[in-house]
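Please open the model in your viewer and keep the selection panel at hand. The stops below go from a sheet to a core and then to a cavity.

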Amino acid sequence: MSGRQKALLGLLAIALVALFVVASGAGGDDRGDPGARHGLVDRLGALGGERFAVDPATVSADCADDAGRLVFSGGCVVRVPDPGGLRTLVLRSPGRFTVVAPAPGDADLTVRDEVEPAPDGTSAVAKVAVDRATEVGLRCPGLGSCVVVVVTS
């Protein structure tokens, strides 16, 4: 190893140690919120260009009303056309509902998730990974009806 390579390796080691020290000292004493994201993450995501959510205009269902909402009691099947890559189907509701969907890729697995609103009253949100034409089942618990909206975030 030449002297120049040793010097560059030494500078790299010093830079890594300095970054570690800065990162260690930048934290606070609070435990943080695991569901929260730093604003920098959102800004970097916006720079990445296209959001990778399924376009709500391409989604169809027998239970869809004129406003693009899904209104059903019992169950409803949502059909997503092939998105051309891995995308996320985002479903939002003021009440609880159940989602049943095939796992993406070649996995022979069906995923079931019972989605409930947060304790602070924010909407129940389900995010389903979709990489091919897919049918996603929605179930409404109890005897009432559910309203679910397909959104981009």
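Begin by selecting the open sheet of four strands, whose order is 2-9-4-7 and whose pairing is antiparallel; strands here are DSSP runs (E, at least two residues) numbered from the N terminus, and two of them pair if DSSP finds at least two bridges between them. The edge strands, each pairing on one side only, are strand 2 and strand 7 (124-130), and the twist from one strand to the next averages 25°, with axes taken as lines fitted to C-alpha atoms and angles running from 0 to 180 degrees between N-to-C directions.

This is a predicted model, in which local features need pLDDT of at least 70 and side-chain atom pairs count only at pLDDT 80 or more, whereas totals for chains, interfaces and linings use all residues. Residues are numbered from 1 along each chain as its sequence is written, and side-chain values use heavy atoms, with hydrogens and water left out.

**Along strand 9**

Next select strand 9 (residues 146-151) together with strand 2 (residues 69-72), which pair in the antiparallel sense over four bridges. Here Val71 has Val147 as its bridge partner in strand 9, and Phe72 has Cys146.

**The nonpolar core**

Which residues touch the most other members of the largest nonpolar core? Among its 25 residues, they are Leu70, Phe72, Leu89, Leu91, Phe97, Val99 and Leu138. Such a core is a set of buried Ala, Val, Leu, Ile, Met, Phe, Trp, Tyr and Cys residues joined through side-chain atoms within 4.5 Å, buried meaning under 20% relative accessible area with a 1.4 Å probe and protein chains only. Strands that each supply at least two residues of this core include strand 3 (75-80), strand 5 (97-102) and strand 8 (134-139), while the largest share, four residues, comes from strand 7.

**The cavity**

Finally, select Pro102, Ala103, Pro104, Ala129, Val130, Asp131, Arg132 and Thr134, which line the largest cavity. On a 1 Å grid over the protein atoms alone, a cavity is a set of points where a 1.4 Å probe fits but cannot get out, and lining residues have an atom within 4 Å of a point. The volume of this cavity, the space filled by probe spheres set on the points, is about 30 Å³.

Technical notes: On a 1 Å grid over the protein atoms alone, a cavity is a set of points where a 1.4 Å probe fits but cannot get out, and a pocket is an open set with protein on both sides within 12 Å along at least five of seven lines; lining residues have an atom within 4 Å of a point. Buried means under 20% relative accessible area, exposed over 50%, partly exposed in between (1.4 Å probe, protein chains only).
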